[in-house]
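Me: I'd like to go through this structure with you, a piece at a time. Could you start with the terms we need?

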Amino acid sequence: MARKTSAVAGGVGTTMPVFAARADGGIVVDVDGNHLIDLGSGIAVTSVGAANPRVVAAVTEQVAAFTHTCFMVTPYDGYVAVAEALNRLTPGDHDKRSALFNSGAEAVENAVKIARAWTGRDAVVVFDHAYHGRTNLTLAMTAKNKPYKHTFGPFAPEVYRVAGSYPYRDGVVDGTAAAARAIDQIEKQIGAENLAALVIEPVQGEGGFIEPAPGFLPALAAWCRASGVVFVADEVQTGFARTGDLFACEREGVVPDLIVTAKGIAGGLPLSAVTGRAEIMSGPHEGGLGGTYGGNPIACAAALAAIETIEAEGLVERAREIETLVKARLTAIQDKDDRIGEVRGRGAMLAVELVRPGGAEPDPRLARDVAKAAHSQGVIVLTCGTYGNVLRFLPPLTIGDALLNDAFDVIAAAFEEIR
Ligand SMILES: Cc1ncc(COP(=O)(O)O)c(C=O)c1O
């Protein structure tokens with residue numbers, strides 16, 4: 001840590017004062033030999049594990065063959081195979097195309113470029129509590145000031161924020177009513193005819209693992225279709241089996257025009273994608289999309305291996321089993337503790353929102369203290385939320401029940417101890 005402090009920019013923080021030596025199967029082993037239970041998956045990335053044998057073999061074979069040629073110079077098969085897999089697996093049976101990038105933020109930016117090129121319009125709508133990344137355009141799309149935006153403006157123009165759906169806090173349990181409120185704001189303040197894209201996380205991630213009320217997403221998607229607005233699902237965090245569906249949009253049968261994926265796509269290697277309707281994806285001129293490393297061959301080999309693992313090992317079903325186990329543990333804590341305002345989430349993307357006893361006032365201190373106590377007992381757990389009062393649980397889908405139970409024993413004890 002002393003070397004980190006003197007070598008690494010202070011703006012790059014760390015959750016735990018621990019340096020990883022090895023990781024897989026829901027365990028991170030640090031350089032001192034401590035074994036930590038992983039309920040973070042590197043922020044929802046290593047869904048198939050952090051050293052999955054299929055991923056390791058595919059990466060090893062590819063790195064020995066060639067590391068890089070640049071797909072825009074001399075293309076290679078892996079990129080095309082990942083595009084084919086994405087076109088096959090993402091919601092909807094229409095004709096699709098994909099383009100590959102490096103990070104979630106870069107893919108979100110490209111989805112906006114594609115929507116603007118296709119519609120000839122400028123405006124982009126995003127939602128309260130949204131998180132879409134840390135580049136300049138995606139910072140404009142991200143809601144929360146600290147730590148993400150503070151001192152880093154000015155931000156890109158033509159990004160508009162409207163109310164989303166947060167049933168625990170806004171009390172609107174009818175998703176169509178929440179959508180009508182957002183649509184009214186859009187029509188009055190922006191005008192559908194100026195709007196290129198509506199970009200939404202089907203379950204909001206950094207904003208607090210917020211599931212919209214049922215009917216919210218279908219109503220927005222229908223309005224977009226009727227208004228010629230590109231409906232973009234940001235499934236960077238929710239995608240690839242995390243929520244107990246391959247993609248979170250599937251739960252309500254929503255078919256996005258464009259879907260953005262990253263994180264869980266490639267077993268820990270940096271890869272992201274925009275996949276969507278062939279006609280929309282063909283909006284930009286040839287050469288308009290790309291980047292030196294986008295769809296790097298090693299990352300593509302990892303993605304093909306990760307996708308094969310998700311399908312072969314039934315990880316969508318496994319995410320649902322994790323939901324059953326973890327929700328039972330969390331509701332058992334909640335039954336005895338009125339500081340847990342809500343237990344929520346889907347699949348292996350679960351959370352508790354912490355509040356002051358007897359009300360709904362956010363309690364970020366409690367979230368921080370429980371996380372710290374868990375860390376000191378060797379459980380990696382993350383916080384999130386606009387109010388910083390949400391503990392979130394994102395175990396790898398390959399973790400076993402025994403480790404999950406051990407971890408939630410620690411978390412239950414932390415709630416008992418911290419008053
Ligand atoms: C929904 C969502 N979109 C975009 C991003 C940005 O992805 P990246 O950090 O890979 O740029 C994230 C990252 O947490 C995310 O959760």
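Reply: Buried means under 20% relative accessible area, exposed means over 50%, and partly exposed lies in between, with a 1.4 Å probe and protein chains only. The model is a predicted one, in which local features need pLDDT of at least 70 and side-chain atom pairs count only at pLDDT 80 or more, while totals for chains, interfaces and linings use all residues. Residues are numbered from 1 along each chain as its sequence is written, and side-chain values use heavy atoms, with hydrogens and water left out.

Me: OK, then Glu 235: buried or exposed?

Reply: Glu 235 counts as buried because its relative accessibility is 0%. Glu 235 sits in the loop between β8 (230-234) and β9 (258-261), where helices (H or I, at least four residues) and strands (E, at least two) are DSSP runs numbered from the N terminus.

Me: Switching to the ligand, what residues are around it?

Reply: The residues around the ligand are Ser 103, Gly 104, Ala 105, Tyr 131, His 132, Gly 133, Glu 201, Glu 206, Asp 234, Val 236, Gln 237 and Lys 263; a residue counts as near a molecule or strand if one of its heavy atoms lies within 4 Å of it. By class, this shell has 3 nonpolar, 5 polar and 4 charged residues, where Ala, Val, Leu, Ile, Met, Phe, Trp, Tyr, Cys and Pro count as nonpolar, Asp, Glu, Lys and Arg as charged, and the others, Gly among them, as polar.

Me: What does the side chain of His 132 contact?

Reply: The side chains of His 132 and Asp 234 are joined by a polar contact of 2.8 Å. A polar contact is a pair of N or O atoms within 3.5 Å; within protein, one must be able to donate a hydrogen and the other to accept it, and residues adjacent in sequence count only if both atoms are side-chain atoms. His 132 lies in the loop between β5 (123-127) and α6 (136-141), and counts as buried because its relative accessibility is 3%.

Me: New topic: how many salt bridges does the whole structure have?

Reply: A search of the whole structure finds 24 salt bridges, a salt bridge being a side-chain nitrogen of Lys or Arg within 4 Å of a carboxyl oxygen of Asp or Glu. One of them pairs Glu 311 with Arg 88 at 3.2 Å, N to O. That pair links distant parts of the chain, with Glu 311 in helix α12 (residues 297-312) and Arg 88 in helix α4 (residues 77-89), 223 residues apart. Glu 311 is partly exposed at 43% relative accessibility, whereas Arg 88 is exposed at 53%.

Me: What about Glu 353 and Arg 344, buried or exposed?

Reply: Both Glu 353 and Arg 344 are buried, and the closest N and O atoms of their salt bridge are 2.8 Å apart. Arg 169, Glu 342, Arg 344 and Glu 353 are linked in a network of salt bridges.

Me: Last one, where are the cis peptide bonds?

Reply: One joins Lys 146 and Pro 147, with omega about 10 degrees, and Pro 147 is in helix α7 (residues 145-149). Another joins Gly 153 and Pro 154, with omega about 5 degrees, and Pro 154 lies in the loop between α7 and β6 (159-162).
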